[in-house]
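Please find below some comments on the model you sent.

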Amino acid sequence: MVNVSVARRYARALLEASSPDAVVGIADQLDAMAGLVASNPDLGDVIRNPAYSRAQVHGVVEALIRLLGGGTGTLANFIRLLVDRHRLAMLPDLARLFRDMADQKAGRIRGTVVSAVPLDAQAVEQLQQILGRVLQKQVLLDTRVDRTVLGGVSTQVGSVVYDGTLRTQLDELKRALQG
(Lines give C-alpha, C1' and ligand atoms only; values in the text may rest on other atoms or scores of the structure.)
Protein backbone atom coordinates (compact mmCIF):
# COMPACT_ATOMS: atom_id res chain seq x y z
CA MET A 1 0.00 0.00 0.00
CA VAL A 2 2.81 2.42 0.87
CA ASN A 3 4.59 1.67 -2.41
CA VAL A 4 1.41 2.34 -4.38
CA SER A 5 0.89 5.66 -2.63
CA VAL A 6 4.51 6.65 -3.34
CA ALA A 7 4.12 5.48 -6.95
CA ARG A 8 0.96 7.58 -7.24
CA ARG A 9 2.86 10.70 -6.14
CA TYR A 10 5.62 10.05 -8.66
CA ALA A 11 3.08 9.33 -11.43
CA ARG A 12 1.26 12.57 -10.66
CA ALA A 13 4.55 14.50 -10.72
CA LEU A 14 5.46 12.98 -14.10
CA LEU A 15 2.02 13.82 -15.47
CA GLU A 16 2.36 17.44 -14.35
CA ALA A 17 5.87 17.70 -15.79
CA SER A 18 4.84 16.24 -19.17
CA SER A 19 3.50 18.27 -22.04
CA PRO A 20 -0.10 17.29 -22.89
CA ASP A 21 0.81 16.09 -26.38
CA ALA A 22 3.55 13.79 -25.02
CA VAL A 23 1.50 12.02 -22.34
CA VAL A 24 0.35 9.10 -24.51
CA GLY A 25 3.90 8.45 -25.75
CA ILE A 26 5.26 8.58 -22.22
CA ALA A 27 2.59 6.16 -21.01
CA ASP A 28 3.44 3.78 -23.87
CA GLN A 29 7.17 3.96 -23.10
CA LEU A 30 6.56 3.40 -19.38
CA ASP A 31 4.39 0.38 -20.18
CA ALA A 32 7.07 -0.97 -22.52
CA MET A 33 9.78 -0.51 -19.91
CA ALA A 34 7.66 -2.12 -17.18
CA GLY A 35 6.90 -4.99 -19.58
CA LEU A 36 10.58 -5.54 -20.27
CA VAL A 37 11.35 -5.61 -16.56
CA ALA A 38 8.47 -8.02 -15.88
CA SER A 39 9.41 -10.38 -18.72
CA ASN A 40 13.14 -10.46 -18.01
CA PRO A 41 14.06 -11.84 -14.55
CA ASP A 42 17.70 -10.73 -14.87
CA LEU A 43 16.66 -7.18 -15.64
CA GLY A 44 14.21 -7.22 -12.74
CA ASP A 45 16.99 -8.43 -10.47
CA VAL A 46 19.27 -5.53 -11.46
CA ILE A 47 16.47 -3.07 -10.73
CA ARG A 48 15.38 -4.55 -7.39
CA ASN A 49 18.61 -5.93 -5.94
CA PRO A 50 20.53 -3.45 -3.74
CA ALA A 51 23.75 -5.41 -4.35
CA TYR A 52 24.14 -3.63 -7.70
CA SER A 53 25.81 -0.24 -7.51
CA ARG A 54 24.02 2.89 -8.62
CA ALA A 55 26.45 3.16 -11.55
CA GLN A 56 25.60 -0.37 -12.69
CA VAL A 57 21.86 0.31 -12.47
CA HIS A 58 22.35 3.62 -14.32
CA GLY A 59 24.19 1.77 -17.09
CA VAL A 60 21.36 -0.72 -17.51
CA VAL A 61 18.74 2.02 -17.40
CA GLU A 62 20.58 4.12 -19.99
CA ALA A 63 20.61 1.11 -22.32
CA LEU A 64 16.86 0.63 -21.74
CA ILE A 65 16.19 4.29 -22.44
CA ARG A 66 18.12 4.09 -25.71
CA LEU A 67 16.34 0.84 -26.62
CA LEU A 68 12.96 2.51 -26.16
CA GLY A 69 14.00 5.58 -28.14
CA GLY A 70 13.71 8.06 -25.30
CA GLY A 71 17.31 9.11 -24.68
CA THR A 72 16.36 12.70 -23.92
CA GLY A 73 13.38 14.44 -22.46
CA THR A 74 11.11 14.30 -19.50
CA LEU A 75 10.72 10.53 -19.27
CA ALA A 76 14.45 9.79 -19.50
CA ASN A 77 15.21 12.32 -16.77
CA PHE A 78 12.36 10.94 -14.69
CA ILE A 79 13.70 7.37 -14.96
CA ARG A 80 17.16 8.60 -13.99
CA LEU A 81 15.60 10.30 -10.95
CA LEU A 82 13.95 7.01 -9.97
CA VAL A 83 17.36 5.32 -10.05
CA ASP A 84 18.91 8.07 -7.93
CA ARG A 85 16.09 7.82 -5.38
CA HIS A 86 16.11 3.99 -5.34
CA ARG A 87 12.50 3.94 -6.59
CA LEU A 88 12.90 2.07 -9.85
CA ALA A 89 11.42 -1.12 -8.35
CA MET A 90 8.00 0.55 -8.32
CA LEU A 91 8.05 0.91 -12.12
CA PRO A 92 5.12 -1.49 -12.77
CA ASP A 93 2.82 0.34 -10.32
CA LEU A 94 4.01 3.69 -11.58
CA ALA A 95 3.33 2.76 -15.23
CA ARG A 96 -0.19 1.54 -14.41
CA LEU A 97 -1.02 4.60 -12.30
CA PHE A 98 0.39 7.01 -14.87
CA ARG A 99 -1.69 5.38 -17.63
CA ASP A 100 -4.81 5.65 -15.45
CA MET A 101 -4.15 9.32 -14.66
CA ALA A 102 -3.40 10.15 -18.29
CA ASP A 103 -6.60 8.41 -19.39
CA GLN A 104 -8.65 10.24 -16.78
CA LYS A 105 -7.18 13.58 -17.81
CA ALA A 106 -7.97 12.85 -21.47
CA GLY A 107 -11.51 11.61 -20.73
CA ARG A 108 -10.75 8.01 -21.63
CA ILE A 109 -11.61 4.80 -19.84
CA ARG A 110 -10.17 1.34 -20.47
CA GLY A 111 -11.91 -1.97 -20.41
CA THR A 112 -11.74 -5.58 -21.46
CA VAL A 113 -14.02 -7.55 -23.76
CA VAL A 114 -14.05 -11.34 -23.44
CA SER A 115 -15.42 -13.55 -26.19
CA ALA A 116 -15.34 -17.20 -27.28
CA VAL A 117 -13.65 -16.36 -30.58
CA PRO A 118 -11.38 -13.49 -31.60
CA LEU A 119 -13.34 -10.34 -32.48
CA ASP A 120 -12.56 -8.45 -35.65
CA ALA A 121 -11.44 -4.82 -35.42
CA GLN A 122 -14.78 -3.52 -36.71
CA ALA A 123 -16.74 -5.31 -33.96
CA VAL A 124 -14.41 -3.95 -31.28
CA GLU A 125 -14.68 -0.44 -32.73
CA GLN A 126 -18.48 -0.66 -32.76
CA LEU A 127 -18.52 -1.88 -29.16
CA GLN A 128 -16.20 1.00 -28.15
CA GLN A 129 -18.51 3.53 -29.81
CA ILE A 130 -21.64 2.15 -28.14
CA LEU A 131 -20.00 2.07 -24.71
CA GLY A 132 -18.58 5.55 -25.32
CA ARG A 133 -22.07 6.93 -25.90
CA VAL A 134 -23.38 5.21 -22.75
CA LEU A 135 -20.46 6.30 -20.56
CA GLN A 136 -19.88 9.72 -22.16
CA LYS A 137 -16.15 8.93 -22.43
CA GLN A 138 -13.80 7.53 -25.01
CA VAL A 139 -13.63 3.78 -24.37
CA LEU A 140 -10.51 1.77 -25.20
CA LEU A 141 -11.02 -2.00 -25.12
CA ASP A 142 -8.51 -4.81 -24.86
CA THR A 143 -9.75 -8.12 -26.23
CA ARG A 144 -9.37 -11.53 -24.67
CA VAL A 145 -10.51 -14.95 -25.88
CA ASP A 146 -11.95 -17.38 -23.35
CA ARG A 147 -12.95 -20.74 -24.82
CA THR A 148 -15.29 -21.40 -21.86
CA VAL A 149 -17.59 -18.62 -23.08
CA LEU A 150 -20.31 -20.35 -25.11
CA GLY A 151 -21.17 -17.29 -27.18
CA GLY A 152 -21.70 -13.55 -26.93
CA VAL A 153 -19.35 -11.19 -25.13
CA SER A 154 -18.68 -9.94 -21.64
CA THR A 155 -17.27 -6.46 -21.27
CA GLN A 156 -15.80 -4.87 -18.16
CA VAL A 157 -15.25 -1.12 -18.17
CA GLY A 158 -14.02 0.24 -14.89
CA SER A 159 -15.93 -1.62 -12.20
CA VAL A 160 -19.02 -2.22 -14.36
CA VAL A 161 -19.55 -5.53 -16.17
CA TYR A 162 -21.83 -5.78 -19.20
CA ASP A 163 -22.45 -9.50 -19.56
CA GLY A 164 -24.03 -10.53 -22.84
CA THR A 165 -22.76 -14.10 -22.85
CA LEU A 166 -24.99 -16.97 -23.79
CA ARG A 167 -24.42 -18.61 -20.39
CA THR A 168 -25.80 -15.55 -18.59
CA GLN A 169 -28.82 -15.38 -20.90
CA LEU A 170 -29.52 -19.08 -20.33
CA ASP A 171 -29.22 -18.62 -16.55
CA GLU A 172 -31.69 -15.71 -16.69
CA LEU A 173 -34.10 -17.79 -18.77
CA LYS A 174 -33.81 -20.67 -16.27
CA ARG A 175 -34.57 -18.31 -13.34
CA ALA A 176 -37.56 -16.84 -15.20
CA LEU A 177 -38.99 -20.29 -15.91
CA GLN A 178 -38.50 -21.46 -12.31
CA GLY A 179 -39.90 -18.32 -10.74
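The points below concern a predicted model.

1. The largest pocket has a volume of about 200 Å³. Its lining is made up of 15 residues, and I47, N49, P50, V57 and H86 are the ones nearest its centre.

2. Three helices, α3 (41-48), α4 (54-67) and α5 (74-84), each give at least two residues to the lining of the largest pocket. The largest share, 3 residues, is from α3. Sorted by class, the lining holds 9 nonpolar, 3 polar and 3 charged residues.

3. The model has 6 salt bridges. One of them joins the side chains of R80 and E62, at 2.6 Å from N to O. This pair connects distant parts of the chain, since R80 sits in helix α5 and E62 in helix α4, 18 residues apart. E62 is partly exposed because its relative accessible area is 22%, and buried would require under 20%.

4. D103 takes part in a salt bridge with R108 (3.0 Å, N to O) and in another with R110, where the closest N and O atoms are 2.5 Å apart. R108 and D103 are both buried. For D103 the relative accessibility is 3%, so this residue counts as buried. R110, at 31% relative accessibility, counts as partly exposed.

5. A network of salt bridges links D28, D31 and R99.

6. L150, L166, L170, L173 and L177 make a nonpolar surface patch of about 500 Å². Among them, L166 lies in helix α8 (residues 166-178). L166 has a relative accessible area of 37% and is therefore partly exposed.

Notes: Residues are numbered from 1 along each chain as its sequence is written. This is a predicted model: local features need pLDDT of at least 70, side-chain atom pairs count only at pLDDT 80 or more; totals for chains, interfaces and linings use all residues. Side-chain values use heavy atoms; hydrogens and water are left out. Patches are made of residues with over 30% relative accessible area and no salt bridge: like charges are joined within 9 Å, nonpolar side chains (Val, Leu, Ile, Met, Phe, Trp, Tyr) within 5 Å. Accessible areas come from the Shrake-Rupley method with a 1.4 Å probe; for residues, only the protein chains shown count as cover. A salt bridge is a side-chain nitrogen of Lys or Arg within 4 Å of a carboxyl oxygen of Asp or Glu. Helices (H or I, at least four residues) and strands (E, at least two) are DSSP runs, numbered from the N terminus. Buried means under 20% relative accessible area, exposed over 50%, partly exposed in between (1.4 Å probe, protein chains only). On a 1 Å grid over the protein atoms alone, a cavity is a set of points where a 1.4 Å probe fits but cannot get out, and a pocket is an open set with protein on both sides within 12 Å along at least five of seven lines; lining residues have an atom within 4 Å of a point. Grid points are joined across faces, edges and corners, and a volume is the space filled by probe spheres set on the points. Ala, Val, Leu, Ile, Met, Phe, Trp, Tyr, Cys and Pro count as nonpolar, Asp, Glu, Lys and Arg as charged, and the others, Gly among them, as polar.
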